[in-house]
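Here is a short report for a reader who is new to this structure.

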Number of protein chains: 2
Amino acid sequence: MKTHTLLMPLDMHLHLRDGAMLETVGPLTSYTFSGAVVMPNLVPPVTEKEELLAYRQRVLTACGQSRYDVEFDDLMEEEGLGGDFEPFMTLFYQNYDREFLDDIKEEIIGIKLYPAGITTNSEGGVKSFDLDAMRPTLQAMSDLEIPLLVHGETNGFVMDREAEFMNVYELLAKNFPKLKIIMEHITTKAAVEMLERYENLYATITIHHLLITLDDVAGGMLQPHLFCKPIAKRPEDREALLKVALDAHPKVMFGSDSAPHPQHAKESCGCAAGVFTAPIALQLLCELFDRHGKLENLQAFVSDNAQSIYAICPEFKEVTLVNTPFKVPEKYGNVVPMYAGKTIGWSIEGVE
Amino acid sequence: MKTHTLLMPLDMHLHLRDGAMLETVGPLTSYTFSGAVVMPNLVPPVTEKEELLAYRQRVLTACGQSRYDVEFDDLMEEEGLGGDFEPFMTLFYQNYDREFLDDIKEEIIGIKLYPAGITTNSEGGVKSFDLDAMRPTLQAMSDLEIPLLVHGETNGFVMDREAEFMNVYELLAKNFPKLKIIMEHITTKAAVEMLERYENLYATITIHHLLITLDDVAGGMLQPHLFCKPIAKRPEDREALLKVALDAHPKVMFGSDSAPHPQHAKESCGCAAGVFTAPIALQLLCELFDRHGKLENLQAFVSDNAQSIYAICPEFKEVTLVNTPFKVPEKYGNVVPMYAGKTIGWSIEGVE
């Protein structure tokens with residue numbers, strides 16, 4: 001039996017939603033993560049300070065409370081829930097003035113930019129990358145050291161959307177060389193290559209994009225629970241992602257992009273995009289890094305790199321994993337996780 | 001108002017299944033088509049003469065009878081069902097001896113080859129293209145003028161499977177230059193280009209591959225009713241297919257690959273592959289060819305080319321279509337068609 005301890009795991013890209021869904025999924029993250037970057041694509045999106053603080057409070061309440069009936073996870077019941085968890089809040093990108101940004105900067109870890117309509121609840125996003133219109137906001141963010149988090153996809157052909165977006169990353173990176181730009185949930189070799197090209201570009205990578213390609217989504221039967229945006233790409237893309245993740249390249253961080261939808265919204269005619277991985281992410285990461293003989297790099301991928309990139313100091317948490325099998329529950333509440341019903345080689349042994 | 005008359009439309013690639021499903025979908029084809037090439041991938045697959053003749057009889061019975069309660073299509077009720085319809089039967093490829101083939105050749109239009117496990121009910125297909133093992137069968141087919149119909153996909157990455165299979169088509173076409181080889185339901189530019197390279201290669205093209213790309217399946221919400229094998233490919237692939245179809249290239253024929261699954265098998269976790277288009281195919285073809293100013297070529301694409309390629313003389317049927325809107329039913333029996341609930345620009349006006 002082999003154990004592996006992770007200190008202060010961080011999920012640098014997470015969807016917690018709101019209301020009952022937040023209450024379902026929040027504790028599943030706060031149990032094993034010290035903190036998470038919380039996405040602002042609510043309905044309506046988070047664009048004001050008061051909303052942001054109120055949402056932060058709802059997140060803290062949901063994540064810290066044991067109101068969730070955790071019958072599917074005995075460990076969690078034994079250990080108690082959350083508590084030492086910090087939600088790193090984000091604003092939904094629109095053009096903001098400097099005063100507003102200066103006032104809110106202590107409350108946020110960054111601002112998340114969505115191209116309009118590109119994914120769930122992104123209708124209010126950026127319609128065109130008009131640098132003149134965006135310059136005051138982006139320059140203020142740069143000056144105030146507020147990172148820009150980007151969902152980098154065009155509205156082109158589904159397999160090309162991220163690669164086509166590299167022009168926009170270049171434009172942003174060149175024009176705002178002091179602005180920290182995070183390429184969120186990258187899925188392509190093209191995006192990995194960008195990391196070397198601009199000093200101010202960083203990236204998050206999900207666990208599912210390290211594990212699957214389009215083959216897993218649509219190569220056999222169609223698998224709605226593996227359908228996400230950006231869609232999983234080609235084998236050579238996955239290889240490129242794997243390389244930088246397993247090596248814990250200092251510019252990449254783990255961000256699950258775990259995105260819960262109720263079961264009926266996934267298993268229907270017109271399935272919503274999003275893979276739910278929050279409660280199984282660390283187990284899958286241990287299994288993956290162990291299989292490749294790279295367990296020693298997981299700490300950097302899942303916490304240290306993010307601490308350096310964002311200059312954050314997370315809540316203390318020590319998570320011990322063990323290589324004994326863990327059967328993924330069929331559902332968490334009404335949310336079907338990735339690999340529901342399948343067995344993962346690693347489990348959570350304890351959290352301190 | 002514009003009308004367009006088609007003589008003896010043929011569907012050169014059709015899945016009718018068996019039992020209750022056959023009774024549901026059979027009449028929907030025999031209403032507007034003079035004949036159809038009926039695929040043999042039943043459970044178990046059709047590999048014997050007695051089975052083949054019995055299946056043919058069940059098809060004829062289902063297609064000729066008005067047992068179907070057609071409340072969703074008044075026209076069909078007015079006109080009566082089927083009758084003048086010929087099922088062109090196929091055997092499931094395995095190695096057969098010459099005597100068997102000589103005995104069965106009058107009963108079949110061709111033999112359908114599936115790589116093992118490549119699509120629905122294809123587990124008994126060809127495991128490897130061992131030409132030595134296959135030569136006696138293929139040579140006998142060539143001598144007896146029995147066409148070989150091929151589902152041309154490798155088990156590689158889903159977007160590459162058809163393009164990777166071109167090697168096999170080349171191997172077959174070169175080694176058996178007198179054997180008519182039909183590349184079924186082609187989806188790629190690579191396959192279109194093969195048509196010019198070997199005299200004995202032909203192709204069928206579906207209506208859905210002329211209309212959609214992977215974007216329509218997985219670019220917005222995931223659309224299980226547009227999920228099929230081979231999967232819809234890239235825009236440049238669709239363009240290549242459109243060109244030869246709209247020009248009614250003499251080596252291409254319409255084959256719907258209409259493949260019914262019960263609704264629950266499509267709208268679930270692990271959706272079966274297949275798009276159901278039989279009852280809307282001619283309307284969609286008219287709309288498509290009309291939009292491109294190519295209505296005059298539709299007759300060749302939907303009947304004449306197939307008559308020449310296969311040297312068949314179909315049952316008389318005259319189908320008149322009109323450019324008035326047709327709202328696609330939500331379901332036919334328990335099968336959800338492509339574009340369920342949407343409106344097509346052309347309708348069936350009458351069948352004689």
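Two strands pair if DSSP finds at least two bridges between them. This is a predicted model.

**A sheet in chain B**

In chain B, three strands make an open sheet, in the order E1-E10-E13. Their pairing is antiparallel. Which strands are the edge strands? They are strand E1 (3-7) and strand E13 (347-351) of chain B, and each pairs on one side only. Neighbouring strands of this sheet are turned against each other by 30° on average, direction ignored.

Take one pairing in detail. E1(B) pairs with strand E10 (residues 318-322) of chain B over five bridges, in the antiparallel sense. B:Leu7 has B:Glu318 of E10(B) as its bridge partner. A helix also packs on this sheet: helix H13 (residues 281-291) of chain B. Helix H13 of chain B touches E1, E10 and E13 of chain B. The direction of this helix makes about 55° with that of E10(B).

**Chain A as a whole**

Chain A has 14 helices and 13 strands. Its radius of gyration is 19 Å, close to the 20 Å that the globule rule gives for 352 residues, so chain A is as compact as a globular protein of that length.

| Property of chain A | Value |
|---|---|
| Span of the C-alpha trace along its principal axes | about 55 × 45 × 40 Å |
| Buried residues, out of 352 residues | 53% |
| Contacts joining residues at least 24 apart, among those between residues at least 6 apart in sequence | 71% |

**The nonpolar core**

In soluble globular proteins, nonpolar side chains tend to be buried together. Here the largest nonpolar core has 221 residues. Which residues have the most contacts inside this core? They are A:Ile181, A:Met183 and A:Leu285, together with B:Ile181, B:Met183 and B:Leu285.

**Where the chains touch**

How values were computed. Residues are numbered from 1 along each chain as its sequence is written. Chains are lettered from A and ligands numbered from 1 in the order in which they are written. This is a predicted model: local features need pLDDT of at least 70, side-chain atom pairs count only at pLDDT 80 or more; totals for chains, interfaces and linings use all residues. A nonpolar core is a set of buried Ala, Val, Leu, Ile, Met, Phe, Trp, Tyr and Cys residues joined through C-beta atoms within 7 Å. A residue is buried if 20 or more other C-beta atoms lie within 10 Å of its own, exposed if 12 or fewer, and partly exposed in between; C-beta atoms are placed from the backbone. Helices (H or I, at least four residues) and strands (E, at least two) are DSSP runs, numbered from the N terminus. The radius of gyration is taken over C-alpha atoms; the globule rule is 2.2 Å times the number of residues to the power 0.38. Two residues are in contact if their C-beta atoms, placed from the backbone, lie within 7 Å. Axes are lines fitted to C-alpha atoms, for helices over the stretch in contact, and angles run from 0 to 180 degrees between N-to-C directions.
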